[in-house]
Amino acid sequence: MDGGKFRVHSDDVTKATHGALERRGVTNEDIAKIVLDMQLPFNEGLKMEHCMESVESVLRKREIQHALLVGIELDELAEQGKLSRPLQQIVGSDEGLFGVDEMIGLGAVLTYGSIAVTTFGHLDKNKTGIIHKLDTKYGGQVHTFLDDLVASVAACASARIAHRTRDLEEQGKTFEDLAPEDTTPEIYVEGTET
């Protein structure tokens, strides 16, 4: 190590995050389906493409990437039996009183406000879509952290869309009037040039 001066390039972190999700069998589309189910009742014209773009925007945030990389690594180490005791048994069995997985997921949603926090709570309780599959411990895999982290990404992407909805309403528009690549308010601001 170079005394803490080494920085990992953002592209490398993004690539590692996508690779980790892929290794665990989770796609952006899996997460976007949850977002669409959550937001479609409130958003006329919302399409899967808008949700996919929102998920990808969330996955570009360092806080989310770091949470996913740490959580997935711990799940994989637990599968391999490489955690120390009693942590190995706690993570391996997804013990009910172990709340660290939820806390990492909750911490990751905080940058997207109260809508993301309440949506995360809903998804954590109801385990919809791929979250349910991850929570059922199929195939001997450990997903103690990943189910909560997927809920976190879906909650953040849903919150982004909810906030974008307000922007559109103020302009007299709906998602029907918005191309998916323009879903990102952080990148596309009408009347500005970047």
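**Ser158.** I began with the surroundings of Ser158 in this predicted model, and, leaving aside residues up to four places away in sequence, I found that Ser158 touches Val35, Met38, Gln39 and Thr119. I placed Ser158 in helix α9, which covers residues 146-170, and I noted that its relative accessibility is 0%, so Ser158 counts as buried.

**Overall fold.** I then looked up the secondary structure of the chain, which comes to nine helices and zero strands. When I took the contacts between residues at least 6 apart in sequence, 70% of them turned out to join residues at least 24 apart.

**Cysteines.** How many disulfides does the structure hold? I found zero disulfides, and Cys51 is in none, the nearest cysteine sulfur being that of Cys156, 14 Å away. A disulfide is a covalent bond between the sulfur atoms of two cysteines. The cut-off for counting a pair is a sulfur separation within 2.5 Å, and I noted that the sulfur of Cys156, at 14 Å from that of Cys51, its closest cysteine sulfur, is too far for a bond. I also checked burial: Cys51 is buried, with a relative accessible area of 0%, and Cys156 counts as buried at 0% relative accessibility.

**Cavity.** I looked for cavities of 30 Å³ or more, and the count comes to one. The largest cavity has a volume of about 50 Å³, and I listed its lining as Gly92, Asp94, Leu134, Asp135, Lys137, Gln141, Val142, His143, Thr144 and Asp147.

**Asp94.** I went on to Asp94, one of the residues lining the largest cavity, and found that Asp94 lies in the loop between α5 (87-93) and α6 (100-109). Buried or exposed, I asked of Asp94? At 18% relative accessibility, Asp94 counts as buried, the cut-off for buried being under 20%. Leaving out residues up to four places away in sequence, I found that Asp94 touches Asp101, Asp135, Lys137 and Thr144. I also looked up the separation of the C-alpha atoms of Asp94 and His143, which is 8.0 Å although these residues are 49 residues apart along the chain.

**Backbone exceptions.** Most residues other than glycine have a negative phi, and most peptide bonds are trans. Against that background I noted that Asp94, although not a glycine, has a positive phi of about 50°, and that Lys127, also not a glycine, has a positive phi of about 50°. I located Lys127 in the loop between α7 (113-126) and α8 (130-135), and at 16% relative accessibility Lys127 counts as buried. Lastly I turned to the peptide bond from Arg85 to Pro86, which is cis, with omega near 5°, and I found Pro86 in the loop between α4 (62-79) and α5.

Note on methods:
Residues are numbered from 1 along each chain as its sequence is written. This is a predicted model: local features need pLDDT of at least 70, side-chain atom pairs count only at pLDDT 80 or more; totals for chains, interfaces and linings use all residues. Side-chain values use heavy atoms; hydrogens and water are left out. On a 1 Å grid over the protein atoms alone, a cavity is a set of points where a 1.4 Å probe fits but cannot get out, and a pocket is an open set with protein on both sides within 12 Å along at least five of seven lines; lining residues have an atom within 4 Å of a point. Grid points are joined across faces, edges and corners, and a volume is the space filled by probe spheres set on the points. Buried means under 20% relative accessible area, exposed over 50%, partly exposed in between (1.4 Å probe, protein chains only). Helices (H or I, at least four residues) and strands (E, at least two) are DSSP runs, numbered from the N terminus. Contact means heavy atoms within 4.5 Å.
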